[in-house]
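These are my notebook entries from a first look through the structure shown here. I set down what I looked up, entry by entry, with the cut-offs that I used.

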Amino acid sequence: KLDERELAVYVNELFDKWLEAGAEAKKKWVLYAASIHGGSEIVERLKHQINEWPQHARGAMAAEAVKALALNSEPAALLTVDSIARKFKFKQVKAAAAAALDFAAAQLGMTREELADKIVPDLGFNERMERIFDYGTRKFKVYLTQNLELEIFDENDKKLKNLPAPGKKDDPEQAVKENQAFKDMKKQMKTTVANQKLRLEQALSVERKWSKEGWNNLFVKNPVMHQFAISLIWGVYEKGKLVQTFRYMEDGTFNTEDEEEYTMPETCQIGLVHPIELSEESRKTWEEQLEDYEVAQSVEQLKRTVYPLEPGEEKLRQLERFGGCILNGLSLSGKLQSQGWYRGSVQDAGGYYTFYREDQELGLGVELHFSGLFVGDENEEITVYDARFYEAGKIKRGSYMYDEVKPEKAIPLKDVPARYFSEIVLQLARATASSQERNENWREKR
């Protein structure tokens with residue numbers, strides 16, 4: 001029989017030698033052997049390579065590494081794959097991560113989002129948000145705070161800045177093991193918190209809903225998500241319409257905006273409330289309640305800028321608010337891609353003229369048209385034209401593809417869900433924020 005620890009060391013060294021030899025594609029089986037048997041150590045190393053390879057025209061190898069990473073048994077591995085599936089600069093790698101998660105979810109008989117809920121680790125904390133690290137002669141209590149930070153106390157309840165290094169009087173083997181477990185937990189916590197913030201941002205944008213049971217399993221029973229939940233405003237929805245807003249309190253009860261106790265219906269759909277759904281009075285009341293309880297929101301929600309349709313836009317099929325904005329192409333590209341957008345089809349001479357994103361949960365996409373850039377020469381001034389909403393999956397994309405959302409085929413702005421419309425305008429406002437100049441004749445050049 002093989003010893004798991006020795007095997008992990010072996011496959012990690014095998015991975016090193018494969019990398020040193022140039023990471024040959026015909027020997028990519030090393031990726032899978034290393035991921036399956038390499039333990040926790042291989043996760044960060046694969047993550048590093050997944051980020052590095054696409055920078056050197058090895059996107060296919062990075063995509064293969066993502067598939068391999070999904071087979072690692074460490075909780076951090078699937079979390080990393082989930083994070084890549086939600087937000088990654090290179091579409092090929094992001095698509096591979098999504099496919100790996102879809103396959104895993106299908107094998108378990110659930111949706112990808114349900115799988116993502118299940119893989120959120122509790123990081124070893126109990127229902128009191130406490131985890132104990134035992135050095136043999138000394139014990140230390142570590143608490144997960146409401147602000148998703150760590151507080152450490154010794155046996156005399158003295159607050160410490162960090163978990164102490166093992167001492168001479170401690171159990172030598174146990175203390176070292178516990179100290180390493182603390183370091184591993186801190187790393188995993190950083191990944192987990194970042195990933196869950198991203199997930200909740202997306203849930204807010206695409207109107208994700210949970211059943212009561214699903215919501216309880218994720219936000220009540222999981223200590224990490226519990227701390228997220230108590231800082232946010234939630235809604236009960238019926239047939240897609242908001243019927244009640246509430247806050248989840250630290251003691252496990254629910255509160256209305258009037259600070260009255262609320263009992264959740266036995267059967268309901270629960271989602272994050274978007275400020276565009278709230279009256280100004282209701283929004284301010286919730287803000288005041290959070291301030292009174294000294295609660296900082298873990299995800300920007302109540303103070304989120306909202307963008308409803310402006311007068312006249314209900315007659316349009318294209319969003320023209322940013323038409324004529326002049327700014328640097330690299331700036332626009334970087335800010336859009338960091339928010340989940342992709343470069344459009346590359347055409348003659350390496351030129352491209354659109355950015356797009358698709359949100360399969362809603363079956364919607366949006367395509368931004370601009371004056372154009374050339375791959376490898378993007379540090380140029382560009383002019384933004386318009387954005388068009390469309391049915392996701394209907395546009396063919398790739399090298400030398402000339403398909404685009406024609407104005408007459410675009411979804412009328414009045415038919416785009418208000419929340420999604422607001423979120424797209426917010427993303428475009430962020431992406432074009434550096435623009436200091438406007439070309440009022442942009443329609444003539446379009």
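I began with the largest nonpolar core, which has 41 residues, and found that Leu200, Trp215, Phe219, Trp234, Phe246 and Met264 touch the most other members. By nonpolar core I mean a set of buried Ala, Val, Leu, Ile, Met, Phe, Trp, Tyr and Cys residues joined through side-chain atoms within 4.5 Å, where buried stands for under 20% relative accessible area, exposed for over 50% and partly exposed for what lies in between, with a 1.4 Å probe and protein chains only. The elements that give two or more residues to this core are strand S2 (139-144), helix H8 (172-206), helix H9 (212-220), helix H10 (223-229), strand S6 (233-238), strand S7 (241-248) and strand S9 (269-272). H8 gives the most, with eight residues. Helices (H or I, at least four residues) and strands (E, at least two) are DSSP runs, numbered from the N terminus.

I noted that this is a predicted model, in which local features need pLDDT of at least 70 and side-chain atom pairs count only at pLDDT 80 or more, while totals for chains, interfaces and linings use all residues. Residues are numbered from 1 along each chain as its sequence is written, and side-chain values use heavy atoms, with hydrogens and water left out.

In H2 (residues 29-37), Val30, Leu31, Ala33, Ala34 and Ser35 are buried, and the buried residues of H2 pack against H1 (4-20), H3 (41-52) and H4 (59-69). Because 10 of its 12 residues are buried, H5 is largely enclosed by the rest of the structure, and its cover includes H3, H4, H6 (91-108), H7 and H8.

Which residues other than glycine have a positive phi? One is Leu123, with phi near 60 degrees, and another is Lys239, at about 50 degrees. Leu123 sits in the loop between H7 (112-118) and S1 (130-134) and is buried, with a relative accessible area of 5%. Lys239, in the loop between S6 and S7, is exposed at 88%.

My last entry on folds concerns an open sheet of six strands, in the order S11-S12-S13-S14-S10-S15 with antiparallel pairing, where two strands pair if DSSP finds at least two bridges between them. Its edge strands are S11 (342-343) and S15 (437-438), each of which pairs on one side only. Two bridges join S10 (residues 325-328) to S15, and the partner of Ile326 in S15 is Glu437. Helix H13 (residues 418-431) packs on the sheet, touching S10, S12, S13 and S14, and its direction makes about 20 degrees with that of S13; axes are lines fitted to C-alpha atoms, for helices over the stretch in contact, and angles run from 0 to 180 degrees between N-to-C directions.

Finally I checked the cysteines: Cys268 is buried at 9% relative accessibility and Cys325 is buried at 6%.

How values were computed. Contact = heavy atoms within 4.5 Å.
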